[in-house]
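Here is a walk through one protein model, from a single side-chain contact out to the whole chain. Keep the coordinates open as you read.

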Amino acid sequence: MKWLKLVVHFPSFYSYRIPEYSSQYALALPLVAPSTIKLAIVSTAIRVGGRVEEGRRIFDHFRDAKVGIKLPDAIAINSVFIKRLKKKEGVSISIEGVGKVIQTDKGITIYTDTEMPVFKIGGKTPRGYYIPGKARVQVGENTVEVSDLIIWDKDLKIINKNSRDLRPLKLTEEDKKNLSKQEQEQKKRELKTQKERFEKEYRGKLGTFLFRYKRKLPVSTLYSGDFTVYTLGEFAVIEPKNKQELRFENISTLASGFQESFGVREYVHFSGSVEIYIGLPDNTPDCLAKYATQIRYLGTSDSIVYVKTVEWVDDVPQNIIVPSNISDVPTGAYIYPVKDFSEKATFDQINPYSPKTARDPYITKYYYIRLSRRPIEGSNWKVLFIS
């Protein structure tokens with residue numbers, strides 16, 4: 001075995017969250033994980049080589065490589081409370097099914113003259129439903145005629161089972177039992193075509209209405225009882241008794257975009273250079289080292305790194321940090337979980353340009369750091385002295 005030695009310098013702070021820790025409380029890993037350096041070399045090979053296949057070739061060499069770390073004498077860790085923007089999905093619009101008689105779990109039944117789609121508004125937790133076209137709404141003994149109906153009640157559910165003719169736009173268990181494979185594929189295509197037609201015809205109209213300013217739209221009450229049925233512009237709306245919340249709904253709560261959030265993030269400052277040792281078979285081509293010299297960052301893109309030297313060596317220092325069993329960790333040492341590739345990991349699992357497979361390519365290993373003296377700590381900082 002021969003070792004590829006990298007001496008790297010972080011001109012600014014290094015930040016890489018400890019695996020499995022919450023992104024809201026991102027404690028930093030004060031060393032470079034095996035998967036981090038391997039992914040950096042693979043990414044650099046693709047960037048410099050200009051071909052994804054070059055990354056695949058490099059991955060095959062580095063996947064099972066051993067990684068050791070030699071840290072500088074001291075490491076400072078700052079804990080920062082940050083204000084940030086995070087992605088907000090907003091409401092989604094998807095088809096729940098198609099039917100002429102749509103029943104709810106609160107005794108409301110909607111009748112249409114022809115089969116119409118039922119759109120669910122919202123993700124895993126629905127905000128409501130939308131049924132386009134003309135319909136008759138039966139609430140108890142009362143019937144109201146409406147057009148383009150929105151049911152705005154997060155606690156109300158459309159009944160899929162036992163409904164007289166509401167059917168999903170997907171293969172049912174009965175279809176899977178009674179149809180041949182070829183017939184199933186044909187029906188899938190037909191249902192997909194029907195779904196795309198409905199979405200093209202009605203989804204845009206609903207989206208435009210939801211994300212417009214609705215407070216000044218004309219309102220007319222059609223029915224008031226256990227539920228309120230009223231018109232809002234060109235749409236009809238069903239809401240719980242004495243409510244007209246949809247017209248006052250803040251558009252920012254419905255639309256996708258960004259929302260303010262808070263969190264804690266740690267940043268690491270190394271007192272000197274970090275040495276990284278990668279153990280590879282003797283027959284590994286020496287030319288692979290050229291990619292290591294051109295690494296620009298490790299972990300997150302703001303953890304900029306400068307590679308000072310890269311060389312092949314036969315031996316490694318005695319005090320490098322290598323993966324260890326929990327039972328072998330000495331008393332008083334700091335233990336950190338890190339990610340490395342499993343023996344069955346494939347390039348396609350980590351390649352951002354190819355579909356991901358369900359299997360996790362990583363395994364957890366443990367590195368420990370021995371200290372030469374007790375850490376110095378403040379309210380939001382600490383300094384570790386490495387043995």
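The side chains of arginine 167 and glutamate 115 are joined by a polar contact of 2.9 Å. A polar contact is a pair of N or O atoms within 3.5 Å; within protein, one must be able to donate a hydrogen and the other to accept it, and residues adjacent in sequence count only if both atoms are side-chain atoms. This is a predicted model, where local features need pLDDT of at least 70 and side-chain atom pairs count only at pLDDT 80 or more, while totals for chains, interfaces and linings use all residues. Residues are numbered from 1 along each chain as its sequence is written, and side-chain values use heavy atoms, with hydrogens and water left out.

Stay with arginine 167. Its place is the loop between strand S8 (142-151) and helix H3 (173-178). Helices (H or I, at least four residues) and strands (E, at least two) are DSSP runs, numbered from the N terminus. Arginine 167 counts as partly exposed, because its relative accessibility is 30%. The classes are buried under 20% relative accessible area, exposed over 50%, and partly exposed in between (1.4 Å probe, protein chains only). Beyond its neighbours within four places in sequence, arginine 167 is in contact with Gly97, Val98, Glu115, Leu191 and Gln194. Contact means heavy atoms within 4.5 Å. Aspartate 314 is another matter: from arginine 167 it is 147 residues away in sequence and 68 Å away in space, C-alpha to C-alpha.

Now the whole chain. It has 7 helices and 18 strands. The radius of gyration is 30 Å, well over the 21 Å that the globule rule gives for 387 residues, so the chain is more spread out than a compact globule. That radius is taken over C-alpha atoms, and the globule rule is 2.2 Å times the number of residues to the power 0.38. Along its principal axes the C-alpha trace spans about 85 × 55 × 40 Å. Of the 387 residues, 43% count as buried. Among contacts with a separation of 6 or more, 71% come from residues 24 or more positions apart.

Next, helix H1 (residues 34-49). Its 16 residues should span 22 Å at 1.5 Å a residue, and the end C-alpha atoms are 22 Å apart, which agrees. The expected span is 1.5 Å times one less than the number of residues. Buried positions in H1 include Ile37, Ala40, Ile41, Thr44 and Ala45. An α-helix has 3.6 residues a turn, so residues three or four places apart point the same way. Just after H1, glycine 50 takes a positive phi of about 80 degrees.

Which residues other than glycine take a positive phi? Glutamate 20 is one of them, with phi near 75 degrees. It is found in the loop between strand S1 (2-9) and strand S2 (25-26). Glutamate 20 is exposed, because its relative accessible area is 67%. Aspartate 148 also has a positive phi, near 50 degrees. Aspartate 148 lies in strand S8. At 7% relative accessibility, aspartate 148 counts as buried.

Turn to the rings. The structure holds 12 aromatic pairs. Rings of Phe, Tyr and Trp (its six-membered ring) pair if their centres lie within 6.5 Å; planes under 30 degrees apart count as stacked, over 60 as edge-to-face and the rest as tilted. Phenylalanine 10 and tyrosine 14 form a tilted pair, 4.9 Å centre to centre, with 50 degrees between the planes. Phenylalanine 10 is buried at 5% relative accessible area, and tyrosine 14 is buried at 0%. Phenylalanine 209 and phenylalanine 235 form a stacked pair, 4.1 Å centre to centre, with 25 degrees between the planes. This pair links distant parts of the chain: phenylalanine 209 is in helix H4 (residues 181-210) and phenylalanine 235 in strand S11 (residues 235-240), 26 residues apart. Both phenylalanine 209 and phenylalanine 235 are buried. Elsewhere, Phe59, Phe341, Phe347 and Tyr362 form one aromatic cluster.

Charges meet rings too. The charged end of lysine 214 sits over the ring of phenylalanine 209, 5.8 Å from its centre. Arginine 197 lies over the face of phenylalanine 198, 4.6 Å from the ring centre. The criterion is NZ of Lys or CZ of Arg within 6 Å of the ring centre and within 35 degrees of the ring normal.
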